[in-house]
Every structure is written in structure tokens, then in C-alpha cells.
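User: I would be grateful for a close look at one helix pair and its surroundings.
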Amino acid sequence: MMHYPLPRIVALAMVALVYAGSVMAEESPAAHPLSALMGPDGGLSNPSNWVNAETHQSALPKTLEGYQLDTRGSWLIVSELDADTTRRWGDIIATADAALRKTYFSRAENAPTWICLFRDVTSYRRHAAELWGQTAPSPYGYFSRTHRTLVCNAGTGPGTVIHELVHSLMHTDFTRAPIWLDEGLASLYEQCDLRHGGIRGMENWRYPELRKAVEADTVPDLTRLFSMTAAEFCSKEGQSLHYALARYFCLYLEDHGAMGSVYDILRAGDGLLTGADAVTAALNKPLCDIETDFRAWVLQRNTPKAAPQDDTVASR
């Protein structure tokens with residue numbers, strides 16, 4: 001064993017500490033650019049922390065490195081898009097929010113809620129993992145009730161944000177909404193017309209699959225649609241068709257002036273009424289006649305064309 005004089009031992013210890021500190025400094029990850037908005041457990045902090053409770057004014061900075069920040073009403077927007085595009089999307093969000101509250105969600109809360117717009121699917125999935133430790137459930141977007149946050153792949157278009165906006169508003173307006181209504185209405189407005197202060201669904205990419213199933217008589221009937229649980233609706237083997245069916249049945253109801261009435265009837269029943277109860281009351285027809293008419297209506301439609309790219313139309 002080698003023996004060193006005490007001063008030399010102290011010197012060696014100091015060198016070791018300095019070296020260890022430099023290694024730790026090199027290995028420590030850089031703070032995330034959004035760290036100023038993050039809570040102690042990761043993810044964006046409670047959105048209410050960033051809105052003055054008395055004045056309702058946002059306390060968000062205008063920018064953080066690589067991100068634009070904007071506020072529209074109770075929506076706090078964090079965006080990887082450029083400043084002009086973020087402002088344009090903010091306008092679309094505000095317009096859609098006003099139209100949806102006017103048409104359906106009169107009881108929805110105005111609680112501050114994050115909307116996160118990430119530039120493409122890679123960034124969207126990475127941020128979901130980095131900020132919330134979540135695996136994004138789809139390539140489009142999702143609404144996290146726990147974190148009061150809409151997480152969106154902006155590369156799919158503003159229709160994705162409106163889809164998730166519907167989920168967020170319905171969550172507080174009609175907590176016990178059936179899955180076909182929740183996903184059908186959200187999907188209806190992923191392609192929508194926002195002119196004249198209202199909101200109307202338009203044709204979209206889900207139509208060809210539904211038409212094919214109607215022609216082959218492999219589409220679930222309405223009784224089956226209305227009885228599906230969330231697990232059944234989102235099953236791997238049937239999810240895509242179920243979304244198309246729910247979306248286009250909501251468009252059928254809207255075309256017949258009954259979508260608002262069906263929503264109001266179901267909400268008033270607070271989970272005690274079925275879809276069949278609501279649609280037969282709103283359309284004043286037996287369900288078998290509605291089923292026949294709906295399928296004929298589907299077959300009379302045309303494959304959708306590309307939507308015009310302007311701020312009166314939100315596409316996905």
C-alpha cells in the first residue's frame with residue numbers, strides 16, 4: 001500500500017471532485033425550452049396558473065425558444081409553428097370555440113386549457129413522451145383530461161385541433177356522452193365550414209370506407225352503433241369504420257336539421273336515454289325508417305374533393 005502525505009491526499013481528493021463535477025455537468029441534460037411552463041412533476045403546469053383569476057388576462061410570455069405562445073379566451077396555445085401561422089390558427093380556434101358553444105356546449109366550462117401544436121408527427125410523439133411520459137394514441141392528436149391539454153400534430157391541419165376541441169368542451173358540457181356521439185361529433189367537425197358565425201360539417205376522407213361497407217352490407221346498424229362501449233368502438237378491427245359511421249350519421253342528422261336536438265335530448269337524459277330514443281324523437285320516425293333513409297343518403301353522396309385552403313374551412 002502506498003502512503004501519501006496528508007496535503008497530497010487532500011489535493012488528490014480535490015482533483016477527483018473537480019473531475020467528477022465536470023463529468024456530471026457534461027452529462028446533465030439541457031433544460032427543455034418549455035421548462036418555464038412546466039410543473040414539478042413534468043408536463044405543462046396547471047393552465048390556471050397562467051391566467052389571472054380576477055382579470056382573466058394571460059401571464060404567458062409571447063415566445064420561448066423555438067415556440068410561439070398565444071391566448072384565445074380560455075385556450076392557452078403553445079406552438080412550434082411560425083408567428084403568422086400561430087395567429088391564424090388562433091383565429092380558427094376562437095371562431096370554432098364560439099360556434100361550438102353557441103350550437104351545442106352552452107354549459108361547457110371556461111377553465112383555462114392548453115393547446116399544444118407540434119409541427120409534425122415526429123415532434124408530436126416526442127413531446128408527448130418528453131413532457132407527459134405518454135405514448136400518443138394516434139398520429140393526429142388527443143385530449144388529456146388529466147392535464148387539461150390538447151396535444152396536436154399540426155401537420156394534419158387545423159381540423160385536428162377542432163376534433164380535440166369538441167372532446168374538451170363536451171367533457172364538461174355532457175360528461176356522460178356516449179362514445180358514438182363524442183367521437184362522431186368530434187369527427188364531424190374535423191372538416192368544417194366556419195362561415196357566418198356557425199359551424200357545419202363537410203365531406204371528408206372517412207366517406208369511401210363507409211360507402212364501401214354500406215354497399216357490401218357490412219356496416220353495423222344504428223342499434224349496434226348506439227350500444228357500443230368505448231372499447232368496442234375503438235377496437236382494432238373496427239375502429240376506422242366505426243369513426244366513419246358515427247361521423248356520417250352526425251352529418252346526416254345535421255343535414256336534416258336534427259343534430260342539435262339529438263344532442264340536447266341526450267344531454268337532458270344524462271345517460272339514461274339511448275341514441276334510438278333521441279333520434280326517433282328528433283326526426284319523428286321509427287328507427288328502421290331512419291336506418292333505411294340513412295343508408296340511401298350515404299349512397300347518394302359523392303367522394304369528397306379537396307377542401308379549399310382558407311380560414312373559413314378547417315381540414316384534417
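At roughly what angle do the axes of helix H5 and helix H10 cross, and within what distance do they come?

Analyst: The model is predicted. In it, the axes of helix H5, residues 179-188, and helix H10, residues 259-269, cross at roughly 145° and come within 12 Å. The crossing of H5 and H10 is left-handed. On the H5 side, the contact is formed by Trp 180, Leu 181 and Leu 185; H10 contributes Met 259, Val 262, Tyr 263 and Leu 266. The residues of this contact comprise seven nonpolar, no polar and no charged.

In soluble globular proteins, nonpolar side chains tend to be buried together. Here the largest nonpolar core has 70 residues. Trp 180 and Leu 185 are among the residues with the most contacts inside that core, a group that also includes Leu 100, Phe 105 and Phe 249. Helix H9, residues 239-255, supplies the largest share of the core, with eleven residues.

Another core, of 21 residues, lies apart from the largest one and has Leu 37, Trp 50, Val 78 and Ala 128 among its members.

As for covalent links between cysteines, the count of disulfides is zero. Cys 152 is buried, at 0% relative accessibility, but its sulfur is 8.1 Å from the closest cysteine sulfur, that of Cys 116, and therefore too far for a bond. Cys 288, by contrast, is exposed, with a relative accessible area of 52%.

Methods: Residues numbered from 1 in each chain as written. Predicted model: local features only at pLDDT ≥ 70, side-chain atom pairs only at ≥ 80, totals over all residues. Heavy atoms only, no water. Axes fitted to C-alpha atoms, helices over the stretch in contact; angles between N-to-C directions. Helix = DSSP H or I, 4+ residues; strand = E, 2+ residues; numbered from the N terminus. Left-handed = near helix turned anticlockwise from the far one by under 90°. Contact = heavy atoms within 4.5 Å. Nonpolar A, V, L, I, M, F, W, Y, C, P; charged D, E, K, R; others polar. Disulfide = S-S within 2.5 Å. Buried < 20%, exposed > 50% of the residue type's maximum accessible area, 1.4 Å probe, protein only. Core = buried A, V, L, I, M, F, W, Y, C linked by side-chain atoms within 4.5 Å.
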